[in-house]
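Please look over the sequence and the model below before reading on. The report is meant for someone meeting this structure for the first time.

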Amino acid sequence: MIYCGFCFFKIVDDDVSLPIFIVFLYHICAGAYFTLKWNLKYGQDLIENQLLVSKTVKDKFLKHYNSKTTCMFSIRQATISDISEMKDLYQNTVLTVNRKDYSAEEVEDWASCGNDMAQGHELFAEQYYIVAENNQGKIVGFASINDTGYMHTLFVHNDFQHQGIASLLYQTLEKYAKGKGAERITSEVSITARPFFEKQGFVVDEEQKRKANKLCLTNYKMSKSLPNYKITDISKPEYPELMKVWEASVRATHHFLKEEDISFFRKTIPGKYLDMVRLYAVRDAENAIRGFLGVSDDAIEMLFIHPDANGKGIGSFLLNFAVKELHLHKVDVNEQNEQAVGFYLHKGFSVAGRSELDGTG
């Protein structure tokens, strides 16, 4: 690994303000690049998995942070006894959070749907419900899905917004749906929730007017395919095939590179860089590599998808594997590659620094 500098910034949460040094990691490509970090506002993962920090800084932060917040969340299956608390959370969230996108009359009508406890029990029998609790046992969010992949509900308490709870709930439901053999997840999504669902990989199938209690409100039919991809290792004899995917991807996206740059990296990467990273591939039915991921101990070093496989969720699948399974939350991206920068920003990364040069100068 080649290091090429560092930057200084502060993590700020309430009255927590501690200096953290982030090391910029080498990236194989010419030109100015961004260092991106994955956003996790709350929890130990912010320090344990995202940042390269000294033990002293880490211990100081965690001691102070854990004394200031109770935002540690767990997921469990909901029970009938939770319905009343879930009803209150639902109505409170609709009346406050959704008010920014709907009129007072609309949210009041929408919230009144929660008064029908009989319907609540019916839904409970039809759907798989889960709740998120903080470490004090308070329900701070809930969600539901059926065995065919229809996601009926996802709400987070208005006092616990933007703390990763919705993502935690959604990821749990997606895993459940895959376990039931669902090929896609569908939902009817509010104006307020649409950006969150798009970040999870959903697309809008149709805008519609949906009756709440007495009024018809605007929402969206949205869906997300759940391709049954598998992650495999890449062996050294497969390097030539991997480099064909790399070159096809670079030619489709790295238009700022000159022909001599591509030729240089084509010769250099196999012998100098591939053995320095752990490699993972997504393959098609004929076992051909369609996309691959290269990682070090603490960062995503490369992620390339063959252009013929773009738009099939392979990039998102590999990135999710890196973040969720390998706990890697940093990546360097050429700023000239606007498609890649947009992809990572859309997936929850943010710019942590910028350099005019890469590791080769």
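Predicted model: local features only at pLDDT ≥ 70, side-chain atom pairs only at ≥ 80, totals over all residues.

Residues are numbered from 1 along each chain as its sequence is written, and side-chain values use heavy atoms, with hydrogens and water left out.

The structure holds 16 salt bridges, a salt bridge being a side-chain nitrogen of Lys or Arg within 4 Å of a carboxyl oxygen of Asp or Glu.

| Salt bridge | Closest N and O atoms |
|---|---|
| Lys87 and Asp88 | 3.8 Å |
| Lys236 and Asp275 | 3.0 Å |

Salt bridges that share partners join Glu247, Arg251, Glu259 and Arg266 into one network. Helices (H or I, at least four residues) are DSSP runs, numbered from the N terminus.

Glu247 is buried, with a relative accessible area of 19%, whereas Arg266 is partly exposed at 30%; buried means under 20% relative accessible area, exposed over 50%, and partly exposed in between, for a 1.4 Å probe and protein chains only. Lys87, at 22% relative accessibility, is partly exposed, and Asp88 is partly exposed at 44%.

Asn320 is found in helix H10, residues 314-325, and is partly exposed, with a relative accessible area of 39%. The C-alpha atoms of Asn320 and Lys347, 27 residues apart along the chain, are separated by 9.1 Å.

How values were computed:
Helix = DSSP H or I, 4+ residues; strand = E, 2+ residues; numbered from the N terminus.
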